[in-house]
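Trainee: Before we discuss this model, I would like to learn how its features are to be read. May we take them one after another?

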Amino acid sequence: MLSFGLSDFAQAQTPTAPAAAAAASQLLRVFLDCNECDTEYLRQTVLFVDYVRDRTVADVHLLVTTQSTGGGGLEWTLTFIGVGRFAGQDRTLTFTTPQTATSDERRREFARVFRLGSVGYAADTSAAPKLDVTWKAPDAAAAAVPTKDPWNYWVFRANGGGDANGEKTSKSKSYRISLSASRTTAEWKINVSGSRSSSRSTFQIQDDLTIVSRQHSWNVNSLVVKSLGPKWSFGAEAEASHSSFSNTDRVFAAFPGIEFDFFPYSESSRRSLTVNYKVGARRFTYNELTIFDKLRETVPTQSLDVSLGLRQPWGSMSASASVAQHLNHTDRFRSSVFAATDVRLFKGFSFNVFGSYSKINDLIGLPKGGATTEEILLRIRQLDTNYSYYVSFGVS
């Protein structure tokens, strides 16, 4: 799907003769703001523009965002933002690449759409005398055959892997597998997934002392969401899981919920602000007796999540805040905040920061006997805590 018009350029205000002459003496300066693009390939194939590293000196800021499609492919949105003499002359082009597309096919299609969006601006530069337009007539026979998805929008994925390493006094091995099936349309979103992982490490401390560390877990999750309009949606989640780290032999949970997005879905690749509320229950069966003398229990729970996502010419930012509370013991809860941003400060220089913090008061599954020294040092057992945090930052 392409949405642009060359008539917009004709209606734009014409610059003065000296300014136009100066502008036409150079190529179109483009600041390419894209995390998915093969920049080197574009420099080799799209030669009628000048790729600049500072967005403040560009004639056009090209902001590229992607999001997954119902068929497992990618929908690309190219937003051409006019700068300087092209201020106010913005346009957006979109196209999709299938899940089966190779990296070369994706970059070729991106280059084609990039040329389409850039040519209207480039017509006012020194490259104009060398530009032309070509047209490929569609195949009439192929166009007459309606397309049909034989999988009815379902996408299936399978992943697996493992590793092993060792030396004289230690060795370890692990494996992981995951399966998923999803179906996304304008009205419904359905997702079912499952995974399993296991690891084992052996450490020979002395000739007569060997420590063995084991961890294993599995989970099955499902999600069904019904769209109630451009901003509202209703759905339900269900899960079953097991984790040796968390002292849970079995966990079963079900949570219906509702979500509101302050911005319509059509703007989700650039900005989103959602509020999500869920209420349901979890049924726990523990491996060992807990600190509350429980081997099994049912916990009704409610949660509220607020999430913000932005992708703008100055950079990107995402933030969220959530709180989950046990309804049978309202003093048991967990609240978390998260924020990440990547900001361009000046030419060629950007700053990024990531941080999260959680207030924890819901560790009801801790084993009554506590953890051994080996379990503490090897991090194979959940330990008692009332908070956790993580911070990282960098420059590039």
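Mentor: We begin with salt bridges, a salt bridge being a side-chain nitrogen of Lys or Arg within 4 Å of a carboxyl oxygen of Asp or Glu. By this rule the count comes to 16 salt bridges. The model is a predicted one, in which local features need pLDDT of at least 70 and side-chain atom pairs count only at pLDDT 80 or more, while totals for chains, interfaces and linings use all residues. Residues are numbered from 1 along each chain as its sequence is written, and side-chain values use heavy atoms, with hydrogens and water left out.

Trainee: With which residue does R311 form a salt bridge, and how far apart are the closest N and O atoms?

Mentor: The partner of R311 is D33, and their closest N and O atoms are 3.3 Å apart. Because R311 lies in strand β14 and D33 in strand β2 (residues 28-33), the pair ties together parts that are 278 residues apart in sequence. Helices (H or I, at least four residues) and strands (E, at least two) are DSSP runs, numbered from the N terminus.

Trainee: Are R311 and D33 buried or exposed?

Mentor: Buried means under 20% relative accessible area, exposed over 50%, and partly exposed in between, with a 1.4 Å probe and protein chains only. Both R311 and D33 are buried.

Trainee: Which residue forms a salt bridge with E187?

Mentor: E187 is bridged to K226, with 3.2 Å between the closest N and O atoms. E187 lies in the loop between β8 and β9 (188-206) and K226 in strand β10 (residues 209-227), so this pair ties together parts 39 residues apart in sequence. E187 is partly exposed at a relative accessible area of 43%, and K226 is partly exposed at 25%.

Trainee: What does the salt bridge of R381 with E288 link?

Mentor: In this pair the closest N and O atoms are 2.9 Å apart. The pair links distant parts of the chain, 93 residues apart: R381 is in the loop between α6 (373-378) and β18 (387-395), and E288 is in the loop between β13 and β14. R381 counts as buried at 10% relative accessibility, whereas E288 is partly exposed at 33%. Salt bridges can also form a network, as they do among D38, D104, R107 and R108.

Trainee: How many bridges join strand β12 to strand β13?

Mentor: Two strands pair if DSSP finds at least two bridges between them. Strand β12 (residues 248-261) and strand β13 (residues 271-286) run antiparallel and are joined by 11 bridges. Opposite E259 stands N276 in β13. β13 also pairs with strand β14 (residues 296-312), in the antiparallel sense, over 15 bridges. There, V279 has Q302 in β14 as its bridge partner.

Trainee: Which residues form the nonpolar patch on the surface?

Mentor: Patches are made of residues with over 30% relative accessible area and no salt bridge; like charges are joined within 9 Å, and nonpolar side chains (Val, Leu, Ile, Met, Phe, Trp, Tyr) within 5 Å. The nonpolar patch is formed by L228, W232, F234, I258, Y277, V279, L304, V306, V323 and L327, which together have about 810 Å² of accessible area. The elements giving two or more residues to the nonpolar patch are β11 (232-243), β13 and β14. V323 is found in strand β15 (residues 315-326) and is partly exposed, with a relative accessible area of 35%.

Technical notes. Areas by Shrake-Rupley, 256 points an atom, 1.4 Å probe, with all protein chains shown as cover.
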